Amino acid sequence: MVHTHLPAILQFFDDIELPYRLAPVAEESFLPGINIHQGILVIDKKRLAHEGDLLHEAGHLAVTDRHHRATLSGDVKKWGHQGGEEMAAMAWSWAALQAIGLPPSVVFHEHGYRGAAANLITAFSTNPGPGVPLLYSWFMCLAPEQLQGFPVMQQWFRDDAYTHRQLALL
């Protein structure tokens, strides 16, 4: 499969310092060609089905508390990610798409999101979309109605934003 957007996605990961490794993913994984191992996104380019799925999974890493991020391995639901983190990862991936300049269908493709990809594109295009309040509450972005508000991110990782905000208040 040709992954035309993969170089831009990997450059984005490099730019924000999201840890990833290109390596075979031999075991069955939650998404073809993608695994998370000890807080590192493992990418098997030969088995990768949808390159945009990388942004969603990176979103899970980014919204995880830094004290737990390095412990994430495999399916994040097994590590306590519930609806809130799922929505925050969707919002994060929307912001990442905007920052990279990719079309929404790269992440929100017809084979994902249980058939609701088009609805999510509409939600993020016309409203703040699900998960944005959590990103805002974690100081990762400003409110959408503010100048430089969502989808512009102030910080790409949950605790980086919180730490910076705490220091600014001192």
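Tutor: Two strands pair if DSSP finds at least two bridges between them. The model discussed here is predicted.

Student: In β3, which residue is the bridge partner of Ile34?

Tutor: β2 and β3 run antiparallel and are joined by four bridges. Ile34 lies in β2, which spans 34-37. Its bridge partner in β3 is Ile43.

Student: What is the order of the strands in the open sheet?

Tutor: β1 (20-22) and β2 (34-37) are the edge strands, each pairing on one side only. β1 pairs with β3 (residues 40-43) in the parallel sense over three bridges, and Leu22 has Ile43 as its bridge partner in β3. With β2 antiparallel to β3, the pairing is mixed and the order is β1-β3-β2.

Student: Which residue in the turn of the hairpin has a positive phi?

Tutor: The hairpin is formed by β2 and β3, with two residues between them. The residue in this turn with a positive phi, about 50°, is Gln38.

Student: At about what angle does α1 run to β1?

Tutor: Helix α1 covers residues 6-16 and lies across β1 and β3. Angles are taken between N-to-C directions and run from 0 to 180 degrees. For α1 against β1 the value is about 140°.

Student: Which helices do the buried residues of α4 pack against?

Tutor: Helix α4 (residues 83-100) reaches 26 Å from its first C-alpha to its last. Buried here means under 20% relative accessible area, and the buried residues of α4 include Trp92, Trp94 and Leu97. The buried residues of α4 pack against α1, α2 (53-63), α5 (117-126) and α6 (132-137).

How values were computed. Residues numbered from 1 in each chain as written. Predicted model: local features only at pLDDT ≥ 70, side-chain atom pairs only at ≥ 80, totals over all residues. Heavy atoms only, no water. Contact = heavy atoms within 4.5 Å. Expected span 1.5 Å × (residues − 1). Buried < 20%, exposed > 50% of the residue type's maximum accessible area, 1.4 Å probe, protein only.
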